[in-house]
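Let's take a walk through this one together.

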Amino acid sequence: MTSPQLSATASHKRHRSRSLVLFGLLLILLSQTPPKSEAGRSRVTIHCPVDGTVHLALITISRNQSGGRDSDGCVYSIEGNALTVHALDDVITCPSCLYSCQKRDLKKSINKNEGQFSPRQKRLVLKAVKDSGIKVSQSVSNSESIPVATRHRLSVVCYKALSEDTGQSTGQERFYASLLLQSAWIERGLSVSQGGLSSFRPSDLKDGLKQYQGLKNEVGSLQHPSIREIRSLERVLQQLDSLQGRVNQQIPAHDAVERFRKQELERAFLKIEAELRQLKEEAKGRADKAAAALMSNEGRTLQLRLAQAALRLGLRAEREQSLKDLKRETLPRPLSLALAALEQHIKNEEILIREALGYLKQVPKSTEDGGEEVQLLKGDLWRRLGENGKARACLKGLNSSKKLWIQQRAKLLNSLMKDG
Ligand SMILES: [Zn+2]
């Protein structure tokens, strides 16, 4: 339960009594809204600092990070035994005027300025929201009905507008990028929670790659042995065929003894060939059965998990291949719907990563602290988008970093890009 901390209002003595009344009202509002638990989320009353709209917003209670962390910093939470989407409701949007900000700043804005912005701040925010052209459906009545990406984009617009008021409009690129990246990670979290990949919780990239190989072997065990067998039998049959041809050419058949020897050999060849074909048929029967198993619920779940694990690791080509494999056959409707949702989240994630990169590019390279971390992050983000050339360009200078972990990470990321 969030309760506003009453801050001193000594510098605003004129407004003191009015402030106290407003805070009192706010406390009443908050106390009248018992948090309704909704799978680790609860509702809290929000008082919009721009137009005063009072709305109920969902907030995530759990902020544990036990679901692991992706190479670009995306964090996952665990609720019970299931992965949950980290920071899902961190950015809250007023359904009426679309003012958006991170939850922590909303509390701050309620506690200061009597819960309201100055007329100039309000004007700046409303104009920026209007100029941004970002629209939401007329019928939304709460923050969480507005798409995550829209909320985060709006928050960047609002923070920019407010920075004009305080004269701090430069040097905020990392912050704007982090807001967009957070929404990209939420999209990824939503992708991964489709079908529930709860068992894949890598502690770091190396551990993740190891776990991924394990998953891959599990999928492989459903499809490989018989198919390998068929292929080797096909090779032997081909070799037998060419051997037969050579023998036919090399043995002259001008007398009865030679002709007899040749017939004997031909019969032996035919016998071997027939046996090999029989073995191949049997292997094919097993392969068909394995293929059916692969398309069984268990097999499909495994393949979906493989795609989701590849998504977390940023293995773009592998992810695409798994999704392609999965879509090869007609899928039951619930699975095909889940897959369509997953692919939409992946698309959204990539668009948001590009937008975040737009801001990260503006962060000065070497002049500030953490410049190398930004380079590393950019490299990883480009890699995740499949733009390996740009990724390598970002990672290049990090081989000589004074920080060993940065060197090692850059090397590992480089090794994951096999082409381009
Ligand atoms: Zn509002």
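**Starting from the inside**

Leaving aside residues up to four places away in sequence, Val125 touches Val50, Tyr99, Phe117, Cys158, Ala161 and Leu162; touching here means a contact, with C-beta atoms, placed from the backbone, within 7 Å of each other. A word on ground rules: this is a predicted model, where local features need pLDDT of at least 70, side-chain atom pairs count only at pLDDT 80 or more, and totals for chains, interfaces and linings use all residues. Numbering runs from 1 along each chain as its sequence is written.

Val125 belongs to the largest nonpolar core, which has 51 residues; together with Cys158, Leu180 and Ala356, Val125 touches the most other members. Such a core is a set of buried Ala, Val, Leu, Ile, Met, Phe, Trp, Tyr and Cys residues joined through C-beta atoms within 7 Å. Buried means that 20 or more other C-beta atoms lie within 10 Å of a residue's own, exposed means 12 or fewer, and partly exposed is in between, with C-beta atoms placed from the backbone. Helix 5 (residues 173-193) gives this core its largest share, 8 residues. Domain 1 (10-170) and domain 3 (364-416) each supply at least three residues to the core, the bounds coming from an automatic or database domain assignment. Apart from this core lies another, of 17 residues, including Tyr76, Tyr212, Ala309 and Leu323.

Zooming out, the chain has 13 helices and 6 strands; these are DSSP runs numbered from the N terminus, helices being H or I with at least four residues and strands E with at least two. Of its 420 residues, 30% count as buried.

Now for helix 8 (residues 297-313). Its 17 residues reach 24 Å from first C-alpha to last, close to the 24 Å expected, that is, 1.5 Å times one less than its number of residues. Helix 8 is largely enclosed by the rest of the structure, because 13 of its 17 residues are buried. Gly314 follows helix 8 with a positive phi, near 75°.

Next, a hairpin. Strand 3 (residues 76-79) and strand 4 (residues 82-85) run antiparallel, joined by 4 bridges; strands pair if DSSP finds at least two bridges between them. Glu79 has Ala82 as its bridge partner, and between the strands sit 2 residues, with Gly80 taking a positive phi near 65°.

Which residue other than glycine has a phi near 60°? That's Ala87, in the loop between strand 4 and strand 5 (91-93). Ala87 has 19 C-beta neighbours inside 10 Å, so it counts as partly exposed. Leu98, in the loop between strand 5 and strand 6 (100-102), also isn't a glycine but has a positive phi of about 70°. With 25 C-beta neighbours inside 10 Å, Leu98 counts as buried.

Terms used: Contact = placed C-beta atoms within 7 Å.
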